[in-house]
Amino acid sequence: MRDSRPLLLDTLFDDTDLLRNVQQRAIALIKLNKAVKALLPKQLHEFCRVANYRQGILVLEVANASWLTLLRYEQQTLLSTLRGEILPSLVSIDIKINPKLSTNKQTAENLVHRYIPESTKDEMPMRQLSEQSAKQLKELAARSPKRLREKLERLAALAGES
């Protein structure tokens, strides 16, 4: 059983064996993560990662239930391949859902799109609202409540602008 009591920082820096063990475990988990991703289908790479390996159980995290379902189809193949090539002591694979895996990716994509350099914005195609769409928006605005009507009319006014 692990000693999970809080430790003073001084004891961590004095005891280099403890830090060395933590570093070795982190490196081992990183290598295991790379090996597992090499065995998984490509679409799972961004939404799955190794969380831990303890007492013969490999703990994997996935972004949501749909990725969990897909990973369950691959679980037996992954288990037998890992047993044969990397972890002979592997007993089972436990899969957990961690929504932060998908949130981090979406946040990164949003940041990339928000901070696109001005030089590349000129090269990006501009979206335009067609006259037919503007006409339909105006017809819808005529039947809508006041606040929604104002917003729909402003949107319809964008037709033809570049």
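These legends walk through a few close-up views of the predicted model above.

Residues are numbered from 1 along each chain as its sequence is written. In this predicted model, local features need pLDDT of at least 70 and side-chain atom pairs count only at pLDDT 80 or more, while totals for chains, interfaces and linings use all residues, and side-chain values use heavy atoms, leaving out hydrogens and water.

**View 1. A mixed, open sheet of three strands.** The strand order is S1-S2-S3, with S1 (48–54) and S3 (92–97) at the edges, each pairing on one side only. On average, neighbouring strands are turned by 25° against each other, direction ignored. Strands here are DSSP runs of E, at least two residues, and helices are runs of H or I, at least four, numbered from the N terminus; two strands pair if DSSP finds at least two bridges between them.

**View 2. The S1 and S2 pairing.** S1 and S2 (residues 57–62) run antiparallel and are joined by six bridges. Look for Arg54, which stands opposite Ile57 in S2.

**View 3. Helix H3 on the sheet.** H3 (residues 65–85) lies across S1, S2 and S3, at about 165° to S3. Axes are lines fitted to C-alpha atoms, for helices over the stretch in contact, with angles from 0 to 180 degrees between N-to-C directions.

**View 4. Helices H6 and H7 together.** The axes of H6 (residues 131–142) and H7 (residues 146–156) come within 9 Å and cross at roughly 165°. The two are therefore roughly antiparallel (angles over 145 degrees). Contact (heavy atoms within 4.5 Å) involves residues including Leu137 and Leu140 of H6 and Leu152 and Leu155 of H7.

Note on methods
Angles under 35 degrees count as roughly parallel, over 145 as roughly antiparallel, 65 to 115 as roughly perpendicular and the rest as oblique.
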